[in-house]
Amino acid sequence: QSGPQTTETPTEETPAAETAAPIKMGYSSWAGWWPWAIAEQEGLFEKHGANVELIWFDGYLESMQALASGQLDANCQTLNDTISFAADAVNGEVAVLVNDNSAGNDKVIVAAEINTIEDLSGKTVALEEGVVGDFLLTLALEDAGMSREDVTIKNLETGAAATAFAAGQTDAFAGWVPFWETALTRAGSKELLSSAAYPGAIPDLLVTSQTLIDEQPEQVQALVNTWFDVLAFMADNPDQANAIMAKRANVEDDQFQKYLDGTRFFTLEENLEAFSAGGEEMKYMPYAAERMAEFMVEVGFIPETPELEPILDDQFLQTYAKAQA
Amino acid sequence: MTTTDRSLQPTVFWRLAEGIPPGLSWLLMALSVLVPLLAWFLLSNAGVISPRFLPTPQMVVTALGRLWQQGYLGQDTFASFFRVMVGFLLAGLVAIPVGIAMGAFASIRALFEPIIGIVRYMPAPAFIPLLIIYLGLGETPKVALIFIGTVFYNILMIMDAVKFVPKDLIESTYTLGGNRRQVLFQVIVPYVVPNMLDTFRINVATSWNLVVVAELVAAEVGLGKRIAIAQKFFQTDEIFACLLVLGVIGFLLDLSLRLLLQTTCRWAID
Amino acid sequence: MTTTDRSLQPTVFWRLAEGIPPGLSWLLMALSVLVPLLAWFLLSNAGVISPRFLPTPQMVVTALGRLWQQGYLGQDTFASFFRVMVGFLLAGLVAIPVGIAMGAFASIRALFEPIIGIVRYMPAPAFIPLLIIYLGLGETPKVALIFIGTVFYNILMIMDAVKFVPKDLIESTYTLGGNRRQVLFQVIVPYVVPNMLDTFRINVATSWNLVVVAELVAAEVGLGKRIAIAQKFFQTDEIFACLLVLGVIGFLLDLSLRLLLQTTCRWAID
Amino acid sequence: MHLDIAQVHKQFATRGGPLVALQDITMQVETGEFVCAVGASGSGKSTLLRLIAGLERPTSGTISVDGRGVTGPGADRGMVFQSYTLYPWMTVQNNVEFGLKLRGISARERRQQASYYLEMVGLAPFARALPKELSGGMKQRVAIARALANQPKILLMDEPFGALDVQTKETMQQFLLELWQRLGISILMITHDVAEAVFLSQRIYVLSASPGTIARELSIDLGQRRDYGIRRSSQFHHYCEDIMDLLRQSQRATFGVPQSIGP
Amino acid sequence: MHLDIAQVHKQFATRGGPLVALQDITMQVETGEFVCAVGASGSGKSTLLRLIAGLERPTSGTISVDGRGVTGPGADRGMVFQSYTLYPWMTVQNNVEFGLKLRGISARERRQQASYYLEMVGLAPFARALPKELSGGMKQRVAIARALANQPKILLMDEPFGALDVQTKETMQQFLLELWQRLGISILMITHDVAEAVFLSQRIYVLSASPGTIARELSIDLGQRRDYGIRRSSQFHHYCEDIMDLLRQSQRATFGVPQSIGP
Ligand SMILES: Nc1ncnc2c1ncn2[C@@H]1O[C@H](COP(=O)(O)OP(=O)(O)OP(=O)(O)O)[C@@H](O)[C@H]1O
Ligand SMILES: Nc1ncnc2c1ncn2[C@@H]1O[C@H](COP(=O)(O)OP(=O)(O)OP(=O)(O)O)[C@@H](O)[C@H]1O
Ligand SMILES: O=C([O-])O
Ligand SMILES: [Mg+2]
Ligand SMILES: [Mg+2]
């Protein structure tokens, strides 16, 4: 892994950023990623010299494909999904920042007659195969001594999955905010479990291509710097921030706060800790990555575990930390 | 003795292969739209089906108003319309020369028909991943999808139209001193203009079918995108609203192409 | 003095509105498929484009073999074929009576044409959320999508065919003592059979276009589903493999419908 | 058989207002008669035949066959059109059988009847051919056999040989004449071809156009047995030229101002 | 002008093997001559005209106009088809101008020329009408004007009046005859209608079928100025019946075994 190639201060304007084509960064509907809309709206990218074209995806899957095929330089995605795509991505995929951990925003919603994980046996579950909801459900099933084979998976795009459950077409739904909100509109439905029970299991990341890191490291740095400024803005102007995010997420302002409650935004310190090889706990991403890769191979999403070491890179966090110090 | 007691047409309604009075025709055409609307109104307001599954017409109108006020309706319609038009125009620009050449020259036909016959069956939506890879995420892949989805139909239908140009008309032109180039451009091409317009009228519906799929690719605005969002949040009222807008646009498009045909090709309509 | 020095056909290739020798025709038809294959082979093997973006034919054949060995190819093809066939057959079963009735009775036409004209423009994929809500996640919504996507085209094209039944033929039947029922079922219906087969041949391609979208709805198997998976993990070789299979199936379907027409409606082909 | 047409008017509603196609038509055809109607294009000949066939209804006046008013088409009035109206998907045999089938006659009887008439028109060897394999003359012979198989009271023919070439036409005329003499049926035929009308018929109605009225009724007296030879007779040419003169008169009246024209 | 056809053979390749359409045809047309060719259907009449027009090439033999071999179609040989071959999207005026336009004549001159010939065929008032607004006879007059506007050396006509009704046909024949006498052009016309051929032409080639050969060449001597009256003359009928007999002979030889038939 190449070391840091820039010693510029994070906030300095870089002339290259002015003239070069903007880097393309994708994001999709997840509470931990909505804040990027603030950066765009409030000019925080420009402020930090990030020359970014922010592209919103209605389909999370499409955003990951776009990164893998080189159409994006950066994208917001989870750790397990990054592992799925890493091996095939044309320009490589590297996580450079943890935005947040899911702390309840990923849920399994079930129909009235289901009360325990065991009750799910033989039931139908609507979810988007291979993405976080699926992972959360699998973790829960394994904890209960069951496996994915014990339920019938109905593979749908997450929004459609929620609708299908709400319309009474399946017995359960697994997915993230705000879609479980749709699922819960079904009479008698309830939350069976959430990501709050699995701290560290679902880290939400900023992932860039290796090429971007190699060719425009200063832009990656600028993205990381911008993020922390966004967090600061949210702390200082909560109402304004919420309004921007609610509009982006297409949810009502008054509904909004509870989504944020299920999201634990990561501080710089938490970021550094997550990237470190601390031990055999899910909160350390190198370990979590191994567990997830096992899961992915087991359920057949990927043929073999990719090389995991290159997909985590905390150099930009380190640089930011140094600049802060 | 009169001749009208028992006749060929016992009822006006069931006249076989014959016209009906214009008055009845207009009445039935109005019923055609009004009866389904009424059925929808009654069914959705009866309280039997949850309005989440079947919104009432009132809810759909409200949703339309909301989308309009939020400024979505205008920009979505415009965006989708733009994509359909660009994709379809490009498909037309390619299909006209290729279709005419295939219709006119047996050699060109032999050269293109087999490969088009195969590619035509490859579903346009299946090209999405490839389009993203090659063309990125902007308007290009969306337009390209619409292009792919309609160009082959256009080509084959224009080719068929050219095959029906009367041979006598072509040979007349030779005997008037025309060369093959003149026959192609001054006889065959004008002859098939009405058929081309009709082809386009039929196939533009396919373009609208595809714009919804195309807008799954990183679209910011568009009716398809709006439907996708409504679907995610189970807002059946907005889905219905968008479908209604699509239906009306299509109908108007159909009408204007018919009108265009009638005004520009007066010679072709009896 | 001979008459052959300079003639109407300076080249065989550019003969306008005339046939070409069968030998040349077969050669060109072979080139039609072989040239694109060769171009693909050369381009993909030149090492200019990453095989991720453009897999080589060898890779695609390998992928085909792999899919076959894993047992996917057979079951996916069967599943998609089944969906297309059921959806399309249902569309045919509805379109035949409705299309014939609309063609034969001006009243029925007035009653159905406006609503069909509007609904036809509503993109079938936009109905997916509604289909999931009403029909669940099994085979029904997938088949229904294909049905919706083709039934209106079938109806309108069959209706048009009926309008072309010669009036003299219908009146002849009356003067032979036939009543309207007999005219409808024993004259109009058999007369339009070849047109119906042709309509189906054209529209079955649309069904294959939709099966890919339909299989986004909780499909376990199917070529569309296979493409979606390959797309997910960026396996262009498998996408190409599936597209190839779809193209070949379509081509064979086209051929068999042409053959069916030729064997069952010998009277309609010259 | 007695076909009686009394004071028939026929008016069509067109875009340009009502169009009088036939005005005050009174005519008869008796059992075993061969009657022709000639007239310029647009003089309402086809309309007249369609009224008798029951395919249209008169605006006023009455049409009756053996005293029973015509209220619609029926198998008692066979019709042969100028366009070849064979069912293209049926064999020649099935075409001829079709009228019988429509009327519920058993398959066995149908086959017998049809074979009889196919034999009569000289097409027995082509019983299993499809219409598209026949020449124009052969197609019309099948159409005639099909109409005859129904054993109609009267055979209505609307320019049945208009699309045939002169030689085939002659052969068909001879054929029709023989058939008529043999079967003793009544025929009302419409034609443009004056020589044809004179050659075939016993009586001719000459129609003039705009609106269609009967300009003249002539009896043709050329003896019972006719063949090509008769065409060389001066009497034959006399009839022809008389009728042509009548037609020229009505033609000249309207020529130069053709209907439905606008620059 | 001298049209010379020498020992022309024409053979078509068909599914059922080679088909000899014309065999050993030798004929001439001189300046100002009006020549007709008559013959049964399938005797190769149209094929002959297409060879002269340059739309087909002979299998062997030569065709030349003023000593120059025919190698393809050209404006020196105008042609009128039986089917109405007007360009449906052009006005009558533009139809007549079209040959001149193809040859690059200036718009002004085109307009003049076309107007002259439209006047000649009596259709000046319809210059701005579309073909669909014309009757059949008017359409053919436009087609003739269009061919004449090119000032061809010879006018080739393939049953130009075959689709017209008898009255219109007569008017057109009279019209064509006057045109020919006035312009002194050469005409080679094909027809089924023997009376038409006798009425119009100075010389007639009678073709017999299978394969198409020239059965007889006749000179028609009915004087210079012809009108309807001539049709009443016994000389006229004599010519007609002679030709009919010839045709009947060749017809009878093939009748009952029509070509391209299989049950
Ligand atoms: N269904 C109809 N509606 C309106 N007008 C009609 C209809 N049928 C016939 N006509 C008009 O009635 C007149 C007589 O038509 P008809 O076809 O009977 O003439 P015809 O003598 O048979 O002519 P032709 O010799 O050309 O066949 C024409 O002016 C025609 O346009
Ligand atoms: N392009 C062709 N290919 C094969 N056979 C042909 C072709 N053109 C004409 N023939 C055959 O040549 C013969 C003569 O045809 P042609 O059209 O010249 O006859 P015709 O005398 O004009 O007949 P008609 O009076 O019916 O117009 C026919 O047997 C016809 O089938
Ligand atoms: O994207 C997550 O659901 O964390
Ligand atoms: Mg008529
Ligand atoms: Mg001919």
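Biologist: Is strand S5 (residues 106-110) of chain A largely enclosed or largely open, and how many of its five residues are buried?
Modeller: This is a predicted model, and in it both faces of S5(A) are covered, with A:Asp106, A:Val108 and A:Val110 buried on one side and A:Lys107 and A:Ile109 buried on the other. Buried here means under 20% relative accessible area. The strand is therefore largely enclosed by the rest of the structure, and the number of its residues that are buried is five of the five.

Biologist: Which residue of strand S9 (residues 190-194) of chain A is the bridge partner of A:Ile109?
Modeller: S5(A) is joined to strand S8 (residues 172-176) of chain A by five bridges, in an antiparallel arrangement, and there A:Ile109 stands opposite A:Phe173. S5(A) is also joined to S9(A), again antiparallel, by four bridges. In S9(A), the partner of A:Ile109 is A:Glu191.

Biologist: Where does A:Pro178 lie, given the cis peptide bond that joins A:Val177 to it?
Modeller: The bond between A:Val177 and A:Pro178 has an omega of about 0 degrees, and it is cis. As for its place in the chain, A:Pro178 is in the loop between S8 and helix H8 (179-183) of chain A.

Biologist: Turning to chain E, which are the edge strands of the open sheet?
Modeller: Four strands of chain E form this sheet, with antiparallel pairing, in the order S2-S1-S4-S5. An edge strand pairs on one side only, and this applies to strand S2 (17-30) and strand S5 (68-69) of chain E.

Biologist: What angle does the direction of helix H1 (residues 45-53) of chain E make with that of S1(E)?
Modeller: Within the sheet, strand S1 (residues 2-14) and strand S4 (residues 60-65) of chain E pair in the antiparallel sense over five bridges, and E:His9 stands opposite E:Ser60 in S4(E). H1(E) packs on this sheet, where it touches S1, S2 and S4 of chain E, and the angle between its direction and that of S1(E) is about 115 degrees.

Biologist: How much of the accessible area of ligand 2 does the protein cover?
Modeller: There are 14 residues around ligand 2, and those that come nearest are E:Ser41, E:Gly42, E:Lys45, E:Ser46 and E:Thr47. An oxygen atom of the ligand lies 2.5 Å from an N or O atom in the side chain of E:Ser41, while polar backbone atoms are found 2.9 Å from a ligand oxygen in the case of E:Gly42 and 3.0 Å in the case of E:Gly44. Of the 630 Å² of accessible area that ligand 2 has on its own, the protein covers 65%.

Biologist: Which element gives the most residues to the shell around ligand 2?
Modeller: The elements that give two or more residues to this shell are S1, S2 and H1 of chain E. With three residues, the one that gives the most is H1(E).

Biologist: How many of the eight residues of helix H5 (residues 128-135) of chain C are buried?
Modeller: The buried residues of H5(C) are C:Ile128, C:Pro129, C:Leu130, C:Leu131, C:Ile132 and C:Ile133. Their cover comes from several chains, and includes helix H7 (158-166) of chain A, helix H9 (223-232) and helix H10 (236-264) of chain B, and helix H6 (139-163) and helix H8 (180-214) of chain C. H5(C) is thus largely enclosed by the rest of the structure, because the number of its residues that are buried is six of the eight.

Biologist: Is C:Ala218, which has a positive phi, buried or exposed?
Modeller: Phi of C:Ala218 is near 45 degrees, a positive value in a residue other than glycine, and the residue lies in the loop between H8 and helix H9 (223-232) of chain C. With a relative accessibility of 7%, C:Ala218 counts as buried.

Biologist: And what is the relative accessibility of D:Asp24?
Modeller: D:Asp24 is in strand S2 (residues 17-30) of chain D, and its phi is also positive, near 50 degrees. D:Asp24 counts as partly exposed, because its relative accessibility is 43%.

Biologist: Finally, which two chains share the most contacts?
Modeller: Chain A does not touch chain D, and their nearest C-alpha atoms are 50 Å apart; no contact joins chain A and chain E either. Eight pairs of chains are in contact, and the pair that shares the most contacts is chains B and C.

Technical notes: Residues are numbered from 1 along each chain as its sequence is written. Chains are lettered from A and ligands numbered from 1 in the order in which they are written. This is a predicted model: local features need pLDDT of at least 70, side-chain atom pairs count only at pLDDT 80 or more; totals for chains, interfaces and linings use all residues. Side-chain values use heavy atoms; hydrogens and water are left out. Buried means under 20% relative accessible area, exposed over 50%, partly exposed in between (1.4 Å probe, protein chains only). Two strands pair if DSSP finds at least two bridges between them. Contact means heavy atoms within 4.5 Å. Axes are lines fitted to C-alpha atoms, for helices over the stretch in contact, and angles run from 0 to 180 degrees between N-to-C directions. A residue is near a molecule or strand if one of its heavy atoms lies within 4 Å of it. A polar contact is a pair of N or O atoms within 3.5 Å; within protein, one must be able to donate a hydrogen and the other to accept it, and residues adjacent in sequence count only if both atoms are side-chain atoms. Accessible areas come from the Shrake-Rupley method with a 1.4 Å probe; for residues, only the protein chains shown count as cover.
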